[in-house]
Amino acid sequence: MHILIAEDDAMNRDVIARRMRWEGFTITLAVNGSEALQLARTQMPDLILLDMGLPGQNGWDVARQLKSDEATRHIPIIALTAYALPEDRIRGLASGCDAYELKPIDFERLVQCIYTLTAGSAPG
Amino acid sequence: MNVTLTPYNGVLLTLSIVALSVAGYAWHKRALPGALPLSLLAFALFVWLIGYAMELSSQTLPVVMWWVRLEFVGIVTAPVAWLWFAAEYTSSWSWLNRRRIWLLGVVPLITIIVILTNEFHHQFWQSIALMTDGPFTIFDSRRGFWFWVHTGYSYVCLLCGTYLIVNFIRRTPSLFRRQTGALLLAVAAPWIGNVIYLAGLSPWGKLDLTPFTFTASLIAVAWSVLGFRMLEIRPLARDMVLQSMSDGVIAVDEQGRIIEVNRAAQAVIGLPSAQIIGRHAREALARWPAIVDRYRHVTEIAEEIEVEIDATRRWFDVRISPIYDGRRVYRGRLFVWRDVTEERLIREELRRNNERLLEAQQALIEARNAAEAGSRAKSAFLAHMSHEIRTPLTAIIGYCQLLENGIERQSLEQTRHDVEAIHLAASHLLDLVSNVLEMARIETGQSDVHYVMFDASSIVRDVAMTVQPLLRRNRNRLRLEGIEELGELWGDPTKVRQILLNLVSNAAKFTTDGEVVVRVAHISDKSQPRIQFQVSDTGPGIASEHITRLFIPFAIAEHHVGREQRGAGLGLAISRHYCRLMGGELTIESAPGCGTTATFWLPAPTLQIALAEVEG
C-alpha cells in the first residue's frame, strides 16, 4: 500500500515514516501543503496521512481541494494533528478528512484505521 | 361781602375741597411722573371751583368781577396742566419735559394779563353785566378777541391731552378694565360738560357745567392713577428692578454722558450715582481705558470680555443696545453687563469633568476590550500550547516506541540519532515551559534585573555559537559586526543573552540559504548614550499589520509561519519586556520580501557607574 505522509515537523515526519515503513507500507513524503497536493495528484497514493498545521496551504485546505477534485476524491485522508480541541476535530472532518487522529500518535490505532479505510485494497 | 349760600355752590365748595385734597396728595408725590401736573390740575380746578362758587354767590358786580378774575386763573391753567399730566404720565411726548413746560404757560399768562387790563382795551370782554337766573347771579358778557384765543388754546390743550391718554389706553393692554373705564371717563367728562354748555342743553340755563365735569374728570384720574397706586408703583417698581439687578446698567446719551446708573454699576465704578450721572463715560470709566476705547462707537453688541478688577481677572457678558425715543430718533446707548466669571469657571469645570468622564469611559472601554482580547488570547494560547506540547511529545514518544521495538535491529548511528532527537524535542519542551513561566513572572511583576558590568562581546560570541546548529539546518551564514569595540556593558547579562539569542534564533529560523548579521554599536547622537544591537536577516520579511502582533503575549501569527519556526509566541514579548526593564527598547522593522531587522538598545554605562565600579 502506498501512503503519502504530509508533515512539516522533521522529527515527526521521521518517526511516522519509519513506523509506516516498518508496517510494510510504501511511503512518499511531503513537507508542505502545495507539495502534498502535487504528490497526491501525480502519484495517486492509496491513503494520505495529513498534518493540519502545514505551512502555506494548511491541511484543511489540502483536504478540501483533494476532496473536491474528481480524480483524488476517492483517496482516504487521515488527519494527523496536535490540534486537540473538539472544534478542531469537527473542522477537520468538515473539510473532507475521513478520520481524525491526535498527536502523540497511537500507532496501533492508526494502522487499524488505515486498514479500515483501505478495506478492499490489498496491504502491500 | 354779601354771600348767599345755595345747594349749588355748596356742591361746588365740596368739590373744591376734593380738588384741594387731590392737589395736596399729588403734590406730596410730586417726585413721581405725572404727579406734579396732576397736583397743578387739581389746584387749578380748586381755584376755578372756589371762584365759580363765590361768583354765583356774590350780589354786586365788583365782587363778582373779583371772583371771576380769580376763577380765570384756574380756567387758563387747567387745560395746560391736563396736557402736561397726559404727556408726563403716558411718557409719550418726550419733548414736553419739565424744562420746557413753562412754554405752555405763555398763553395763559397773557390771558391773565389781558383779563386784568380788560377795562383799558376790552379785548377779553367787550361788555360785562350781571343777570339773575333763578337762584343764581350769573356773570354775563360779550366776548372779545382774546377770549376766543384763550378758548381755542384751551381746546387744543384738552384735545392733545385727550389724544395722548386715549393712545396710552390703546397701547397698554395690561391696564385693568376698571382703570381703563375711569381714564376714559376722565377723558370724556370735560368734553361732555363743555358740549352741553355750549349747545345750551344745560338744565340750569347759563350755568357753566365745565368745572363740574372737569372735577369729575379729576376724580376719575385721581382714582385711576392714585387709587390704583399706579403713579407710585410703576416707576418705583421700575426703579427697584433697575437698582436691584445684579447686572450693571449704564445709560449714556448721544454725547457719551452717563444719564442713568444702577447700584451694581456704581459698585463696579466705585462711586455713588450722584458722582457718576452727568459725567462723561470715559471719565467715570477712566480705570478701564481699553474698554472705553473698545465700545466708543459700538451701538449694538453682545459678547464676553475679560477685565482686570482689583488685580483679579474677571469675565463679563457685555450687551450694548441703542436707545431710541418715541419718534425712533437715536438718543444714546444702554450698557448692561453681567459678571460671568463664576459661570465661566463652572462651565470650565463642567467641561473638564465631562472630558474626565469621557476619558474614564474610554479607559473602561479599552480595559474591557483589553480584558476581552486578553481572554481570547489566553484561550487561543491554551489551544496553541496544547499543540506545541503535543508536537515534541509526538517525536519523543514516537522515537521511544521505535527504539523499544527495533533497537536490536538498527545501527548504533541510527540509535544515537534517535536519542539526540528525543533530547532535542525534550529541550524544546523545556524551553517552552520556561518561557511560559517567565511570562507569568513578568505578568505578576516578579521579573527582576540583576545589574552588573559584563563583557558584551563574549555574550554575542556565545549566542553565535549556540545558534550554529539552527543556522546550519537552514544553510544560513552569520556575520558579526562591531563587537571588537564593544567593551563592557551595564545590565543583566542573562537577560541580554536571552534577548539576543531570541532575536538571532528567530532570524535563523525564518531565513533559508541567506545571511544573518549581528551589528553592535555605540550610539551617542541623542542625549542618552546607548549600546545598540541589530539583528538583520535576508528572510521573507513580515507584513506591517503582523509586526505589532509579534509583541503581544500568546498572540502568535498563526498559520502564517511554519511549525519549524513557531514557538509559544512569547519570545519577543519577553525580550521587549527585558529591554524595557533595563531602560532600553526593542523594535522590529520589516516588509515582505525585504528581510527583517530587529533592533534593541540599552543605556550605555555612564562615567559615574564606571567610577563606582572602579571604587567598589
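**Figure 1. Contacts across the sequence of chain B.** Take the contacts in chain B between residues at least 6 apart in sequence: 61% of them join residues at least 24 apart. This is a predicted model, and in it chain B comes with 21 helices and 14 strands. Of the 616 residues in chain B, 33% are buried.

**Figure 2. The largest nonpolar core.** Here we zoom in on a core of 62 residues, where B:Leu41, B:Ala42, B:Leu45, B:Leu49 and B:Leu218 touch the most other members. Several helices of chain B put in at least two residues each, including H1 (7-28), H3 (61-89), H6 (145-171) and H8 (210-227). Helix H2(B) is the top contributor, giving 18 residues.

**Figure 3. Around B:Leu49.** Leaving out residues up to four places away in sequence, B:Leu49 touches B:Leu12, B:Leu15, B:Ser16 and B:Ala19, plus B:Pro211 and B:Thr215.

**Figure 4. Where chains A and B touch.** The contact draws on 18 residues from chain A and 20 residues from chain B. On the chain A side, helix H1 (residues 10-22) gives the most, with five residues. Sort that side of chain A by residue type and you get 10 nonpolar, three polar and five charged.

Key
Residues numbered from 1 in each chain as written. Chains lettered and ligands numbered in written order. Predicted model: local features only at pLDDT ≥ 70, side-chain atom pairs only at ≥ 80, totals over all residues. Contact = placed C-beta atoms within 7 Å. Helix = DSSP H or I, 4+ residues; strand = E, 2+ residues; numbered from the N terminus. Nonpolar A, V, L, I, M, F, W, Y, C, P; charged D, E, K, R; others polar. Buried ≥ 20, exposed ≤ 12 C-beta atoms within 10 Å, placed from the backbone. Core = buried A, V, L, I, M, F, W, Y, C linked by C-beta atoms within 7 Å.
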